[in-house]
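Here are some notes for a colleague who is opening this entry for the first time. They begin with the chain as a whole and then turn to the ligand and to the backbone.

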Amino acid sequence: MINRVAIFVSGGGSNMKALVADMQGNHPARVCVVVSNNEDAGGIAWARAQGIATEVVDHRPYGDDRASFEAELTTALNRHGPDMICLAGFMRVLTAGFVTPWHGKMINIHPSLLPKYKGLHTHARALNAGDKIHGCTVHEVTALLDDGPILGQSKIDVVRGDTPDTLATRILVQEHKLYPAVLRRYCVGITSVLHL
Ligand code: GRF
């Protein structure tokens, strides 16, 4: 059975592109929709240009009413019958109400070696801490932010002169290898930690 994958983006979507590029041939999954909270997300324009279905649910009209935002997100998502969700730079925190029904079927990529540096500004925080090793993590999504079982990690050396930007650039290269590799395994039920 081919897994139908929904990819959630808020920005340029370079991880989304890496996932889509990998989902070909004998891959056990195919993208069925790209979802965003941001109509102007570069990832949405790219997906449309590829002929991939898209859905945009702007979070702003909902203010603090996350439940209503997530209900609309669910309605949009369900139009495409996804089997699983890949968060790829989706910049809204999803509550338990949304996450719980997708337990075991939603994964995320985060630019740090979790459990270190959950949340934002991971590269600056790694530099400030004097870390010599940094990296990225793919993990299952739970209702706790950047928590959930780790499925894969990739490490890089932090070198003299590194800045948040240089780290982000080098780690993104690793992200684009790690995320597709983890997705391939996850689709066939492999949840042991992949080290790339
Ligand atoms: C990546 O660094 C990812 O780890 C984080 O958000 C960024 C998204 O980048 N969750 P892109 O939109 O995939 O280029």
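**Notes on the fold, the ligand site and the backbone**

1. Read from its start to its end, the protein chain of this predicted model follows the pattern β-α-β-α-β-α-β-α-β-α-β-β-α-β. That pattern is made up of six helices and eight strands.

2. The radius of gyration of the protein chain is 16 Å, close to the 16 Å that the globule rule gives for 196 residues, so the chain is as compact as a globular protein of that length. Taken along the principal axes, the box filled by its C-alpha atoms is roughly 50 × 40 × 30 Å.

3. Where does the ligand sit? The ligand is found in the largest pocket, and the elements that give two or more residues to the shell around it are helix 1 (14-22), strand 5 (106-110) and helix 6 (164-187).

4. The residues that surround the ligand are Gly12, Gly13, Ser14, Asn15, Gly89, Ile109, His110, Pro111, Leu172 and Glu175. By residue class, this shell divides into three nonpolar, six polar and one charged.

5. For Gly13, a backbone N or O atom lies 2.8 Å from a ligand oxygen, while for Ser14 a polar side-chain atom lies 2.5 Å from an oxygen atom of the ligand. Glu175 likewise has a polar side-chain atom 2.8 Å from an oxygen atom of the ligand. Taken alone, the ligand exposes 360 Å², and the protein buries 79% of that.

6. Two features of the backbone deserve a reader's attention. Most residues other than glycine have a negative phi, and most peptide bonds are trans. In this model, however, the peptide bond from Leu114 to Pro115 is cis, with omega near 15°, and Pro115 is found in the loop between strand 5 and helix 5 (122-128).

7. Which residue has a positive phi although it is not a glycine? That residue is Tyr117, with a phi of about 55°, and Tyr117 has its place in the loop between strand 5 and helix 5.

Technical notes:
Residues are numbered from 1 along each chain as its sequence is written. This is a predicted model: local features need pLDDT of at least 70, side-chain atom pairs count only at pLDDT 80 or more; totals for chains, interfaces and linings use all residues. Side-chain values use heavy atoms; hydrogens and water are left out. A residue is near a molecule or strand if one of its heavy atoms lies within 4 Å of it. A polar contact is a pair of N or O atoms within 3.5 Å; within protein, one must be able to donate a hydrogen and the other to accept it, and residues adjacent in sequence count only if both atoms are side-chain atoms. Accessible areas come from the Shrake-Rupley method with a 1.4 Å probe; for residues, only the protein chains shown count as cover. On a 1 Å grid over the protein atoms alone, a cavity is a set of points where a 1.4 Å probe fits but cannot get out, and a pocket is an open set with protein on both sides within 12 Å along at least five of seven lines; lining residues have an atom within 4 Å of a point. A molecule sits in a cavity or pocket if more than half of its atoms lie within 2 Å of its grid points. Helices (H or I, at least four residues) and strands (E, at least two) are DSSP runs, numbered from the N terminus. Ala, Val, Leu, Ile, Met, Phe, Trp, Tyr, Cys and Pro count as nonpolar, Asp, Glu, Lys and Arg as charged, and the others, Gly among them, as polar. The radius of gyration is taken over C-alpha atoms; the globule rule is 2.2 Å times the number of residues to the power 0.38.
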